[in-house]
Amino acid sequence: MTEQVPPAHGPGGSGPGPDGAGFTYRGAEQELIVVAQPEARLRAGTEGVRSAAGSDLSALNMFLSDEQLALEPLFGNEERVQGAAPPADGGEPVPDLAQFYRVRGGAGRAEELRARLAALPGVDTAYVKPGAVPASYGPIGQPPPPESFGERDETRRRKEGAVTPDFTSRQGYLRPAPEGVDAPWAWQRLGGSGENITVIDVEGAWQLSHEDLTGKLAGIVAGTPIQDVAWRNHGTSVLGVIGGDRNEFGITGIVPEAVTAAASFQGIGTAAAVYAASERLGTGDIILIELHRPGPRFDFEPRDDQKGYIALEWWPDDFAAIRCATAKGIIVVGAAGNGAESLDDAVYERRPHEFPAWWRNPFNPTNPSTGAVLVGAGAPPPGSHGRDHGPDRSRLAFSNYGARVDAQGWGRETTTTGGFWNQPGDLQGGAEEIAWYTDTFSGTSSASPIVVGALAALQGMLKAAGQELMTSQRARAVLRSTGSPQQDAPGRPASQRIGNRPDIKGAVTNLLPSAVGSGRAERYWDELLPYPPDLPPRLRLFVAGEWRNLNNPSPDIRQAVHSAFAGGQPDVRVWFSDDEVVGLVVTG
């Protein structure tokens with residue numbers, strides 16, 4: 001039986017659970033980061049810390065020895081990271097990664113040690129990062145009606161030997177815009193299922209043996225997973241939204257042919273996990289950061305309601321790691337956070353005295369940017385799973401917002417793999433964790449993988465077409481200029497920006513404009529029962545050397561085409577854009 005999570009009280013560890021009750025994300029540890037003086041050129045090793053510039057570091061080494069601490073380069077060998085290539089995306093310079101160190105040891109004494117370390121030779125400053133936790137958010141209200149799945153108690157338990165039902169009809173985020181991102185349209189295009197694109201999810205843990213994640217899951221590439229069912233449920237839900245298998249049961253991910261992998265921050269820290277992920281990816285691949293942490297609004301204190309929690313890029317080392325990734329041509333997507341905060345607020349402009357002097361607020365668009373895509377949480381269409389969270393695509397009250405936020409995804413009612421918080425799945429549970437499913441994945445955590453899925457579909461199509469792949473900055477521009485626009489809600493106007501919901505089809509027009517071609521159809525294929533079942537019925541016509549698709553053809557069109565070809569001398573004239581039929585004339 002899967003372990004249940006008992007209450008705990010560690011810093012950064014709790015968040016709202018069912019009906020507002022607190023529950024624990026164990027393993028949310030503080031991080032003590034040291035920033036070295038650039039001129040000292042620190043080099044840390046097993047024998048202590050030395051200065052490549054010849055500075056006297058005896059006081060620093062004595063302190064570390066007395067306190068039983070170790071200073072470790074956050075991003076690996078200093079010489080190697082200092083020789084990193086200049087930005088390939090034409091954006092802001094990458095901060096010097098060699099100046100960042102992580103302190104090992106001193107559990108429970110981070111604040112005391114920070115002040116003492118900052119005063120030592122060779123050290124510019126030191127700061128403490130609150131523990132990072134998943135940016136998911138608790139459900140509200142009563143459970144949705146059992147609808148077509150029988151009594152809810154029976155639905156939640158998969159009986160031994162039973163086959164998981166097909167839940168794809170509940171994945172409204174897959175559907176055509178404005179309701180969803182129009183994944184089935186992308187699946188019909190070359191590369192539109194995410195072929196040859198890799199996505200790495202940065203967080204804490206995953207159920208890598210889930211029955212619906214067997215096709216393209218590459219495993220863990222960095223860190224050590226947190227042994228906790230709440231963290232596992234969260235990571236499993238994220239992977240399902242992106243890359244759930246395309247089969248006849250369970251759910252289907254937005255890009256089921258994309259390779260997915262995982263990087264845990266446990267044992268290495270959030271910035272190092274992002275950096276490790278970037279080292280394993282190529283241009284055009286994607287990193288997703290599913291974490292947020294307490295910000296300055298409430299003096300960096302953890303809270304059960306997550307108010308004041310913000311995106312990781314605000315901290316200097318996370319900023320450096322993310323900017324390093326985007327500079328390589330990797331798209332980075334991060335949860336904007338569930339703090340109910342305006343990221344435009346002046347509180348984020350004030351530099352904490354322990355941050356390095358070069359730091360500037362990355363939420364301010366006039367300051368140096370990581371280039372990452374930040375995602376807010378929008379309401380799903382009213383009636384999704386029998387609930388109403390406000391007008392479709394309006395900002396959910398818990399979501400952070402502001403000029404820095406680029407796009408939104410469903411922040412409620414996201415059907416995917418994994419359990420319900422720290423419990424078995426609310427859509428399907430039972431004794432086998434590998435068969436859990438949920439209807440209630442939420443927060444900027446559920447919104448972000450939806451945006452990632454849309455971007456991976458676009459990257460796959462660009463790669464298949466031999467076109468230049470999007471950089472992270474280009475992805476931001478596409479998301480801002482296309483998609484289904486944000487709507488007003490009472491007390492939450494669209495001026496509280498979370499951006500548009502992605503529309504893959506609309507974005508393709510922006511990225512791959514193509515002239516309308518024409519020709520006579522040489523043969524046809526009437527797809528009466530499409531597979532996968534999520535695809536619409538199609539009439540396929542072979543024109544100008546390629547198959548072109550007409551989705552959901554009317555009975556009259558079908559009959560006209562059938563009759564034309566049955567006569568032996570068909571004159572079916574077709575106008576097409578890419579592989580989509582945009583005009584059709586049958587003469588006789």
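Is Thr-164 buried or exposed, and what is its relative accessible area? In this predicted model, Thr-164 is buried, at 4% relative accessible area (buried means under 20%, exposed over 50% and partly exposed in between, with a 1.4 Å probe and protein chains only). The model is a prediction in which local features need pLDDT of at least 70 and side-chain atom pairs count only at pLDDT 80 or more, while totals for chains, interfaces and linings use all residues. Residues are numbered from 1 along each chain as its sequence is written, and side-chain values use heavy atoms, with hydrogens and water left out.

Thr-164 sits in the loop between helix H4 (152-155) and helix H5 (183-187); helices (H or I, at least four residues) and strands (E, at least two) are DSSP runs, numbered from the N terminus. Its side chain makes a polar contact of 2.6 Å with that of Glu-211 and another of 2.9 Å with that of Gln-428. Such a contact is a pair of N or O atoms within 3.5 Å; within protein, one must be able to donate a hydrogen and the other to accept it, and residues adjacent in sequence count only if both atoms are side-chain atoms.

Beyond its neighbours within four places in sequence, Leu-458 is in contact (heavy atoms within 4.5 Å) with Met-470, Ile-504, Ala-507, Val-508 and Leu-511.
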